[in-house]
4 protein chains.
Amino acid sequence: MKKIQAGVIGASGYAGAELVRLLWNHPMVEVSGISSKSYTGQKISDLYPGFYQICDMVFQDEDSVIAASDVVFASLPHGLSEKLARKCFDADKIFIDLGADFRLDKEEDYAMWYGLDYHDPALHKESVYGLPELFRDDIKGKKIIGNPGCYPTSVALGLAPIMKAKLADCKHIIIDSKSGTTGSGKSLSEATHFPRCNESFAPYKIASHRHTPEIEQTLSRLCDEDVLINFTPHLLPINRGIISTMYVDLKETMKVEELHVLYEQFYANEQFVRVLPLGKTADLKYIKYSNYCDVSIHLDERSNRAIIVSAIDNMVKGAAGQAIQNMNILFDLDEGMGLKMVAPSF
Amino acid sequence: MKKIQAGVIGASGYAGAELVRLLWNHPMVEVSGISSKSYTGQKISDLYPGFYQICDMVFQDEDSVIAASDVVFASLPHGLSEKLARKCFDADKIFIDLGADFRLDKEEDYAMWYGLDYHDPALHKESVYGLPELFRDDIKGKKIIGNPGCYPTSVALGLAPIMKAKLADCKHIIIDSKSGTTGSGKSLSEATHFPRCNESFAPYKIASHRHTPEIEQTLSRLCDEDVLINFTPHLLPINRGIISTMYVDLKETMKVEELHVLYEQFYANEQFVRVLPLGKTADLKYIKYSNYCDVSIHLDERSNRAIIVSAIDNMVKGAAGQAIQNMNILFDLDEGMGLKMVAPSF
Amino acid sequence: MKKIQAGVIGASGYAGAELVRLLWNHPMVEVSGISSKSYTGQKISDLYPGFYQICDMVFQDEDSVIAASDVVFASLPHGLSEKLARKCFDADKIFIDLGADFRLDKEEDYAMWYGLDYHDPALHKESVYGLPELFRDDIKGKKIIGNPGCYPTSVALGLAPIMKAKLADCKHIIIDSKSGTTGSGKSLSEATHFPRCNESFAPYKIASHRHTPEIEQTLSRLCDEDVLINFTPHLLPINRGIISTMYVDLKETMKVEELHVLYEQFYANEQFVRVLPLGKTADLKYIKYSNYCDVSIHLDERSNRAIIVSAIDNMVKGAAGQAIQNMNILFDLDEGMGLKMVAPSF
Amino acid sequence: MKKIQAGVIGASGYAGAELVRLLWNHPMVEVSGISSKSYTGQKISDLYPGFYQICDMVFQDEDSVIAASDVVFASLPHGLSEKLARKCFDADKIFIDLGADFRLDKEEDYAMWYGLDYHDPALHKESVYGLPELFRDDIKGKKIIGNPGCYPTSVALGLAPIMKAKLADCKHIIIDSKSGTTGSGKSLSEATHFPRCNESFAPYKIASHRHTPEIEQTLSRLCDEDVLINFTPHLLPINRGIISTMYVDLKETMKVEELHVLYEQFYANEQFVRVLPLGKTADLKYIKYSNYCDVSIHLDERSNRAIIVSAIDNMVKGAAGQAIQNMNILFDLDEGMGLKMVAPSF
């Protein structure tokens, strides 16, 4: 069988480079080209020496990459993906966007939180929000995929069963998330200067992070009601992984065992979501460098509040891995192909 | 003026050793003796080489330490302090307990959460909960001090103004706390084995941590109403510091500026609580190795929910530093004496 | 083609668990059984939750594992492998020992550094030191493999070209190595207690580490002369990886370019040893979680001293990965099968 | 007694800010002014929130700082200190330079390693290399102090006894040093980007670091012979501290006990150099945030090579602390005043 020709635009960034790394070992994929605005002409192995002598591909311009590819992954700052998506769409190639441009259904949400308008609104009708475990059937057959954000992936997978079952008081959902530093990418910043970041910890963008509307959109869609959350991200002084600790007031009194059964049934057929046994707690340690999402279920009987903990690797299930999962769906491959790495536990 | 003779019982543990370190540089204190059950006869500098050639004191038995001291600090597992407190009380010495035995007002709370009864209930009437910023007047003149727990200190200082002003919906207070590893002390454990703990992150003891009743007791006392919280501690792969991110539903609509003014006024005369300017966020980086508590004020206007972030060093303001602050009060010294270290910002 | 049945003895330790993780994704291997003295009857996924729902195998006794296997990997404290090797040898199964029992050629070296005698000296004649890049031809056809130690692998690969070319002054070789904490394994210890280890750094076992005779044995064999080294290991507060910085007085004046050519030629056909371009420096970051060994070449012209830096992942190329590489050789598979993971660069 | 008016030029950098932090708690010092080219008009507490509400001084221009000060500390990139030193010298103020401009005796060394000439050669005759433990008598009465580099301090204190006793083979001294990231300062760089630096380790500037001539100058001066070293710095993924592991071929056969006695006698009267007991190893953990230098003594009898390990905090004994030690000497104060912090052992 002919291998899929896969191109990566924005491959010099962290999510782009992670895509190349994972695609490289995918048995049905050949990396057809990589691009980078800032590093055109340089080798990816100069930037990321882990690739040295394995993949010494050179960053090209975007058009060369698109021309050589069946599927194009783009990992770019918001506002830059529409044009590329249009090019790919017109050329009948699949476009998987790891940026924010195709995640929000309503243009007004995008305008409010990202400060930009859509230039090609028709195109957004062709796109789908690519969270396989929740919207797999919608993804099949689409040409443009809005790959979910990292925090929204951790939250949506963590709360989906409870939302779908309409158990949540939709005005009392509090999401306290903590992410490793790769989430803020390759660009240098004060916040990720080592002596500043190391042995530190703090929240940031309290009640104002751009992933808020994306989270609310998915949760609302799942429970058919307007959901209003409080979302607080924190920066962990580690490299990878997101833990979301989520507090949900339940509309009816439940036992933790019932809640656990609900989750186990909801995810019974999913290979990448692991509902942990009661008594265990999700830890990002055990999903790092893998495509798994671990979810643990807790309930405070005193307040009848569910406490759900979910853990993903922000670069894999929260970005590159999920994008490949979407590609596998679109090309009718085993959804987990190339993604079955076991997380090292140490 | 004669120096205060200060003894430390349980000085081989982390809080005990931190006490010795801080007392050593206190201008009005002489360390009169240190004890340790497990290390009697050894030098503190053998366990903690930072002391080498500076303080090479030998661990003695408890009675020798008490006999030589005007004030006795004890840092022991719960259940062991009552007898020592009685000895000190009868000998008219001040007893400052860094353990849990004198923190809870109600014996039934202690029995429920710690699984032990009081053997000397009368003694507890002589004790006081030693959180200077909130209960300074009660502390003066007392002989037995229950030094607050680390998490409870961070929460009480973070929420006191809002509770005192009766602004909180007392059934919707969610406290998501994160602590460095020194909080779990010197004992070896799987959770703090380096390859396990490093680059990991997770909550623990969800809805079941022993600091819960202590937190509720203080908050209830401040607002004169029964408070029911959700408290979730997490283990940060760093050494020191606690961040508590706290979500409080407000009973009336407020602007963040009003809330900020409330906090500034509440703490206007406190040297160790710093209310950060609006727009800043508390970070444990900037209070590490110091006795300061930083508090930042945020408000989500969409949900009218206050989000308060507080940061302390769990070993200083959360343990040894606060104990010395209590000592200073009891001996009529400047409350900050020996505690004015500026936190290194890197 | 029938898959190789591979068993792992001592699979509850770090090297053993890493073997299971890597073997699990090896296309020609089926894990036939795992054993653990301390955890018999428990699942590997209870100890290492990264395996949960992927590999929930139960630890059995050693004999069951051997009976089910074509190849037996053992990762045990020294002194325990001989008996197992004998059992496997007599049953015509391949035995790959990740411990120290089959690494040293001379029984007197083993006796001196490990304090034990051989009980079955004849068996050692059947074994071979399994460092593929240097002794590949000797490995083929053998039944018992002494898999090299982690430090010795980093040193041997780093110095082999210079030793083989007889360029080194064999009395002036100084090896300053630094290893992550997984090297000291799963057992709790003061040195790897998180608050102790984190933000610390120090050498240990100066001039007395047991890997010294193994290093000297290989270097001597390569240059046909008695080599006397100084070897100083240090503990890095990170999880994985070894950097060895090696200082070698050269017997004749050389230019760094000549030395570099020598290395490039020596390793021209090796897939897992990467001689970095001149001007680059080996960094453990770029080999973590991979089977690669990066080597960089430097020369101080003022002293005519070569400075060679080598980097490996102690758990992969320094243990489990190399063991699988040996298995691949013995079973006539592509030597890199199952080991071609690209190291994540972040 | 009137307090010393101390000004800090370049106080927005790490060494400058550390100076302010330490001077702030010095009982005989008043911080008279601070300057910063890039942050004039801003508060130091905006950059380093650890100072908030304790020291909210504003960065001024250099001349204002000099005018207000009895002693001026400067922490600037090389090449910028001469003019300031001249101004201070002519105004009869003491100038303590934490940069490199007054460290090297020979202008040709400075020209070769730093690429600049002296513009005011006469001034250098008035300056002294300020390493108190070795050159205390030369320091007294001087007006311009070249405060030693961080690595050179760790090496000089570690090797002084052996050099002074002329025991070293001066062509076989190898110095393998490892430093925390604060050594590279406040400026953002790829090497100190958190996801790049964390969980990494590597040497840098092999055989070409600018501290090489400074180290050789001091060692040569101590042993009255030309010393040629190999010096390899490495970047540790931690914040603070330097460990230097040093290998010295001895000219005569010695026992480790003799070497140890030599060191104990050499440093018998020093409060900030701690010669550890035989069997102990220096660890940067135990000197962090303090002005102490720990030295441990080892000897490989097989090769008759001494292995000396020294540990300092690069920001304190390696920069700001030592500068204050020099100030104390020049103002006839107790040399340790304001510097007696005990290193926290966790």
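**How chain C meets chain A**

Hi everyone, let's start at the interface: 38 residues of chain C are in contact with 38 residues of chain A, contact being heavy atoms within 4.5 Å. A word on the ground rules: this is a predicted model, where local features need pLDDT of at least 70, side-chain atom pairs count only at pLDDT 80 or more, and totals for chains, interfaces and linings use all residues. Side-chain values use heavy atoms, with hydrogens and water left out.

Now the area. Chain C and chain A bury about 3,100 Å² between them, and carbon and sulfur atoms give 58% of that; buried area here is the accessible area (1.4 Å probe) that two parts lose on being put together, summed over both. On the chain C side, C:Tyr52, C:Val342 and C:Phe346 supply 26% of what chain C buries against chain A, more than any other three residues.

What about polar links? The rule finds 13 residue pairs in polar contact across this interface, both residues at pLDDT 80 or more. That term means N or O atoms within 3.5 Å; within protein, one must be able to donate a hydrogen and the other to accept it, and residues adjacent in sequence count only if both atoms are side-chain atoms. Salt bridges, with a side-chain nitrogen of Lys or Arg within 4 Å of a carboxyl oxygen of Asp or Glu, come to 0 between chain C and chain A.

Definitions and conventions. Residues are numbered from 1 along each chain as its sequence is written. Chains are lettered from A and ligands numbered from 1 in the order in which they are written.
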